[in-house]
Amino acid sequence: METTQDIALPSGYRVADVVAFHGRDAEGLAEQVGPDGLRKGVLLDGVPTLLDIRFNDDVARCRIAFDAPSVTPALDALARDALLNVLGLRIDPAAFAASAHDDPVLGPILARQPGLRIVQSATVFEALTWAIIGQQINLTFAIALRRTLIKLAGRPHSSGLWCYPEAPDVARLALEDLTSRKFSGAKAETVLRVARMAVDGSLALDRSRDAAEVSQELLAIKGIGPWTVNYVLLRGYGYTDCSLEGDVAVRTALHNLTGSAQRPTLAEAQRLLARYAPHRTMAAAYLWASLAEKAATNGT
């Protein structure tokens, strides 16, 4: 069954950023991108779902194809929620832009790149598992492991695109399913642990929850540290004030932009980022963007 939704896009919406985020897997297993849109497969309440988004001027024309004979209001709401995440419409960057346009560190890059947004994973569970998978390994290897998880626990949509799994799908896997396919033992254990906790209710992936409560709950889980928590708060929950002093790229960008003799420590980065509260999520986005600008300038 199919439904359609037209979602209004704000002035200056950066389609290329959204397409780039969802197009990181060159094999296109669960996401396929093009200059005018993207297609993403995701399991929603156990239903293989295709999000087909076409960008048309100031509107995202969205076709949602469910591999189900009917669509409940709850399933329709999950699809709408996923679309807002995929399109990066959860966090409005206007408040940060207003507060930081004269900032000596981020003001110049903000002026060069207005309208930057935080694009999110379709679901909190996707963001959480991706954060665990990506811990302390390079992006290419992380994408390969993510692809493995999708093939093991996801399901193909009738369109042929694979769907990112939900917690029950991952919870059914055995440790050897992952470790025999290049997952480290610790990474595999953590992925399975959070999936099983989500299934038994000891971990609630509810987007409406308080950020401090979510942080405390996640930090209590073996294998999850502050960086993973902040990434999940940002890419999964869409919280506006995530401080990512533990992110190496954030600290490298602060080093470059402040002209300091060396990369700031965690404590120094935390202090530098505090000036951007309650908009530290957008501050991180612009710090990441500054590295991309530097790479482009250097021709890398």
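**Cysteines and disulfides**

C62 is buried, having a relative accessible area of 3%. The structure in question is a predicted model. C163 is likewise a buried residue, with a relative accessible area of 0%.

How many disulfides does a search of the whole structure find? The search finds 0 disulfides. C62 takes part in none, and the nearest cysteine sulfur, belonging to C163, is 16 Å away. A disulfide is a covalent bond between the sulfur atoms of two cysteines. Because a disulfide requires the two sulfur atoms to be within 2.5 Å, the sulfur of C163, 16 Å from that of C62, is too far away for a bond.

**The largest pocket**

The largest pocket has a volume of about 1,100 Å³. It is lined by 34 residues, and the closest to its centre are W227, Y231, R235, D247 and W288. Two or more lining residues come from each of helix 1 (15–22), helix 5, helix 6 (139–153), helix 11 (226–237), helix 12 (248–258) and helix 14 (280–298).

By class, the lining of the largest pocket consists of 20 nonpolar, 7 polar and 7 charged residues.

**The second largest pocket**

At least two lining residues are supplied by each of strand 3 (37–44), helix 2 (73–86), helix 5, helix 7 (167–171) and helix 9 (185–200). Helix 2 provides the largest share, with 4 residues.

The lining of the second largest pocket contains 16 nonpolar, 3 polar and 7 charged residues.

**The largest cavity**

The structure holds 2 cavities of 30 Å³ or more. The largest cavity contains about 120 Å³ of space. Which residues line the largest cavity? They are F21, H22, R24, D25, E31, K40, S121, E126, W130, I143 and R146. Helix 1, helix 5 and helix 6 each give two or more residues to this lining.

The lining of the largest cavity comprises 3 nonpolar, 2 polar and 6 charged residues.

**The second largest cavity and V119**

The second largest cavity has about 30 Å³ of space. The residues around it are Y13, R14, D17, V18, L87, G115, R117 and V119. By class, 4 of these lining residues are nonpolar, 1 is polar and 3 are charged.

V119, one of the residues lining the second largest cavity, is found in the loop between helix 4 (107–112) and helix 5 (124–133). Is V119 buried or exposed? V119 counts as buried because its relative accessibility is 4%, and buried means under 20%. Leaving aside residues up to four places away in sequence, V119 touches D17, V18, F21, H22, N85, V86, G88 and R235. Among these contacts, D17 and V18 also line the second largest cavity, F21 and H22 line the largest cavity, and R235 is one of the residues closest to the centre of the largest pocket. V119 and S159 are 40 residues apart along the chain, and their C-alpha atoms are separated by 24 Å.

Note on methods. Residues are numbered from 1 along each chain as its sequence is written. This is a predicted model: local features need pLDDT of at least 70, side-chain atom pairs count only at pLDDT 80 or more; totals for chains, interfaces and linings use all residues. Side-chain values use heavy atoms; hydrogens and water are left out. Buried means under 20% relative accessible area, exposed over 50%, partly exposed in between (1.4 Å probe, protein chains only). Contact means heavy atoms within 4.5 Å. On a 1 Å grid over the protein atoms alone, a cavity is a set of points where a 1.4 Å probe fits but cannot get out, and a pocket is an open set with protein on both sides within 12 Å along at least five of seven lines; lining residues have an atom within 4 Å of a point. Grid points are joined across faces, edges and corners, and a volume is the space filled by probe spheres set on the points. Ala, Val, Leu, Ile, Met, Phe, Trp, Tyr, Cys and Pro count as nonpolar, Asp, Glu, Lys and Arg as charged, and the others, Gly among them, as polar.
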